[in-house]
Every structure is written in structure tokens, then in C-alpha cells.
Amino acid sequence: MASESSKQFWKRSAKLPGSIQPVYGAQHPPLDPRLTKNFIKERSKVNALPMKNKKASSFHEFARDTSDAWDIGDDEDEDFSSFQTLNSKVAKATAAQVLENHSRLRVKSERPPAALNEVPNNCKVIKSNSEAQLSRSEDGCMRNPLHKQQSLPLRPIIPLVARISDQNASGAPPMTVREKTRLEKFRQLLSSHNTDLDELRKCSWPGVPREVRPVTWRLLSGYLPANMERRKLTLQRKREEYFGFIEQYYDSRNEEHHQDTYRQIHIDIPRTNPLIPLFQQPLVQEIFERILFIWAIRHPASGYVQGINDLVTPFFVVFLSEYVEEDVENFDVTNLSQDVMRSIEADSFWCMSKLLDGIQDNYTFAQPGIQKKVKALEELVSRIDEQVHNHFRKYEVEYLQFAFRWMNNLLMRELPLRCTIRLWDTYQSEPEGFSHFHLYVCAAFLIKWRKEILDEEDFQGLLMLLQNLPTIHWGNEEIGLLLAEAYRLKYMFADAPNHYRR
């Protein structure tokens, strides 16, 4: 009888961990909590069963505090149906409310003040700035409205977190006059006989234009020489060298002493950016397996460590964009020639190798590099914001519990991929960007959520927040502000050891 009551409790309770409590973060778009709350109340009134014991169990309290999301078993079809209904209703209601508010604000902003209460019969209510600009007539009324295209190519709907193209949260135009001037400056630098790498780093710090990012990254990583005449021969030689490694080592993946390495790589590859269709294509996964296995074989001091698989993706996307004009996240790589794919694969391998050369102590036995960086982050935060530091100590939150992933994956699990690419523009422009400067970026990133951290008053809530930070809507503007704050911290503390240590 007790077991049956327990089963009914977990099956019917609307406050279950599996009852769609939103988990925020780059991988989980937030829902409107007000709509969610109202729907749960309505559902609980209809479906609630009388409970003999009103007191929640300790496990229930723990689950409620952590706002965790649990898998639903096969015997819970009714709750799973409610799960889908809740998601659908909340999403539709949220979208409808946003569109209604958006339209109302647009109408208010476009109409003259005197005409807010009436609309002429021969005029059209404005729904967007772009439509207004294209169809406004001389007498202030609307004509020739801009219609949407009737036929659009069918492609999967990609969540915001999975969109790779550059964007700003404010919806600013992608190419302003200033950006065109910067692009021309880059092209002049890259086309010179001997590229001035110092000047190229200076121009790249605030971001590299998409059109010239592939060659810029090759130069800044040290893969390509600054001399224009040597670049073609260098690319040819290095690409041939990489595929020589493939012929020499890749067949050994099935040998006993390499099986564990290859098995772990094979397991991790499908987990790499699972929301982006590009990385779920078999050909792309085969490329990643070869890159990671060859790197592990050639670096026996560390071998393959989980997290290194993430570091391939920015290079692969950037070098793929050199041949693709459309959205990269939806692109079918089988449309490219074999020679192009071989070039992308080899370039990704060498640039990733250059990056890891500077942070290899992060991945050797016991990962001493990461432990040192986490300790340095703790000391730095204690000097920057003692209140946040003491808040962690009060609730026994160790920096290693959340910052280990920040160091191991270079914040790639905390940020959308488009933000990582922008971040790496600056990392490759900074001396020791992936090791030393990354420390100050992590400190600035932590203090960015100061208010949310101080609002949490228990261990589980703090860890859930720090592991699911709401960065899904971040774009170039947010990354630019984060980098500016990191640079300020570096300027203040990097060369001031007396201020850095207690």
C-alpha cells in the first residue's frame, strides 16, 4: 500500500523534478515562468489526488530546491503527454504575447502623437520599421506593403543556441560603414607581401570580419607564415604531412593499446554540439575522429582527454565558412569536393594543435594546469569581489565544482558557438590568450552574474545557476563587453602581485 501511494505521489505531483521546471543556460531556452505557473495550477486542480501524507519527503525537497530535470519512465505516459502539452501551450502563449507587445510598440512608435487614437482609412498600420521605410508614401500613408516570400527552402528549425552566424542581441545590421572600413583594412594587411602580425593582432582584438576570418586565424595561430609567397607551399606541405599521419597511424586505432583512446573519442564525438545538425553528419564525425585520434597518438604525455573534442569545432566551422556562403549549421558537407574537405580537415588539425601546445598542461596527468588556473581564479575573485567570494564560502561552494569545466572547455559549454568564435578572435590576438587572458575572462564572466549569485541562498541553487547560466541570447555585443571587463581586470591585476595575493 505504501509503495502504491509513493508511486501515485511521484506520478501525480505537479511539483515533481520532471514537471518541467525550466533549467536555464546556453543549452536550455527559458520559458515564461508566469505562464508555466498558471498552467501547472490549472492542471493540478483537475488531476490532483488526495494525499495521505501532506509532508514532502526529503528527496522531494532536494529535487524542488535544485530545479533538476529528470527522465520520465515508460510507465508515465500520462505525465509525458502533459509534458508535451505544457511545452506547446507555454511556447505558443509566450510567442503570442511577445508578438502582440512587439506590434503594439511598433504601432505606437511609428504613428505621429496626434494620430494615436485614430487611423485614416487609406493608411495601413505599421508592423515593422523595415516595412515602414520601404512602403511610406509622401503623404504619410502606407502603400505597396512588403510581402514575405511565398516559397522558402525547407530546412530544420535551429534553436537560437545553435545559430553560428554572427549576430548582436539588439538586432543591429551585420555590416555597418565602420565594419566595411575594418574589412578593407584587414584585406590590405593580408594582401601585403609580409603581413604585419602585430598590426593584424591589434585589428583582430575587437573581432575579425567573417570574410577574412579563416586566413586571419591561420596567421594568428602560427600555422601560416607572414610572407605571402610562402603560404601556398606551406599549406600544401602541412596538408600532405597530416594525411601522411593518417596513413601511418590511423589503422592502429583497432590495436589493443589504442582501443581505449579510440573508444572514448568515438563516444564523445556525437555529444559534440548535439543541437547543431552540421556536427551530426557522419562525414563530419569521421573527420573529428581522425583529427582527435592523430593528435592523441602524437601527444602521448596527455593523450585524448574529454573536452578536447569541443576545441575542434570553432576551427572546423571557420574553415568551412570559407567555402560556404549560406548558414553553416544547416550545410550538407557532401556537397563539397573531397579536396576541399581534406583541406578543412588538415587546417583544423594543425590550428587545434597550435592551440593545445600552449595549454597542454591542462590535459596531462592530474591536469595540473587546470588546478592552478582554478586556484588563481579563486584568489582573483577574492580580490575583485569579496562579497561573492564569501557567499561561496558560506554555502561551501568550491570553485573547482564549476570552474573546472570553464578551464577544461574554454567556456565553450557556457556560451553558444557563435560567441566562442568571437571570443577566440581576441584570444588569438592576445599573448597567451587561451591560458593567461582566459583567466580574466572567467573572472569577468563570474562577476557578470553577481546579482543572481547573491540571490541564491543554498548550495544546490548556486551550482544549478553556475552550470546553466542564461547566455542563449548572447551575441557579439555581450562578448565585447565581457572582453572589455576582462582586459580591465588584467590591466589592474596581472602586473600587480601585491594586489593579486592575500
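Predicted model: local features only at pLDDT ≥ 70, side-chain atom pairs only at ≥ 80, totals over all residues.

Q: OK. How many helices and strands in the chain?
A: The chain has 22 helices and 0 strands.

Q: And what share of the residues is buried?
A: Buried residues account for 45% of the 502 in the chain.

Q: What about contacts, how many join residues at least 24 apart?
A: Take the contacts between residues at least 6 apart in sequence: 73% of them join residues at least 24 apart.

Q: Let's pick a helix pair. How do the axes of H16 and H18 sit?
A: H16 covers residues 400-408 and H18 covers residues 433-448. Their axes come within 11 Å and cross at roughly 135°.

Q: What do you call that, parallel or oblique?
A: Oblique. Over 145 degrees would count as roughly antiparallel, and the crossing is at roughly 135°, so H16 and H18 are oblique to each other.

Q: Left-handed or right-handed?
A: The crossing of H16 and H18 is right-handed.

Q: Which residues make the contact?
A: From H16, Phe402, Trp406 and Met407. From H18, His438, Leu439, Cys442, Phe445 and Leu446.

Q: How does that split into nonpolar, polar and charged?
A: The contact of H16 with H18 has 7 nonpolar residues, 1 polar and no charged ones.

Q: Staying in H16: is Ala403 buried or exposed?
A: Ala403, which lies in H16, is buried, with a relative accessible area of 0%.

Q: What does Ala403 touch?
A: Val374 and Leu377, not counting residues up to four places away in sequence.

Q: Buried or exposed?
A: Leu411 is buried, at 0% relative accessible area. Ala366 is partly exposed, at 48%.

Q: Who else is in the loop between H13 and H14?
A: Gln367 is one of the residues there. Gln367 is buried, since its relative accessible area is 17% and the cut-off is under 20%.

Q: What is Gln367 in contact with?
A: Val305, Asp361, Asn362, Phe404 and Asn408, leaving aside neighbours within four places in sequence. Val305 is 62 residues away in sequence, and the C-alpha atoms of Gln367 and Val305 are 9.7 Å apart.

Q: Now a lysine. Where does Lys238 lie?
A: Lys238 lies in H9, residues 228-249.

Q: Does Lys238 count as buried or exposed?
A: Buried, at 17% relative accessibility. Lys238 touches Tyr223 and Trp350, not counting residues up to four places away in sequence.

Q: Last one, H11. What does it reach from first C-alpha to last?
A: H11, residues 282-298, reaches 24 Å over its 17 residues. That is close to the 24 Å expected at 1.5 Å a residue.

Q: And how many residues of H11 are buried?
A: H11 is mostly covered, with 13 of its 17 residues buried.

Definitions and conventions
Residues numbered from 1 in each chain as written. Heavy atoms only, no water. Axes fitted to C-alpha atoms, helices over the stretch in contact; angles between N-to-C directions. Helix = DSSP H or I, 4+ residues; strand = E, 2+ residues; numbered from the N terminus. Parallel < 35°, antiparallel > 145°, perpendicular 65-115°, else oblique. Left-handed = near helix turned anticlockwise from the far one by under 90°. Contact = heavy atoms within 4.5 Å. Nonpolar A, V, L, I, M, F, W, Y, C, P; charged D, E, K, R; others polar. Expected span 1.5 Å × (residues − 1). Buried < 20%, exposed > 50% of the residue type's maximum accessible area, 1.4 Å probe, protein only.
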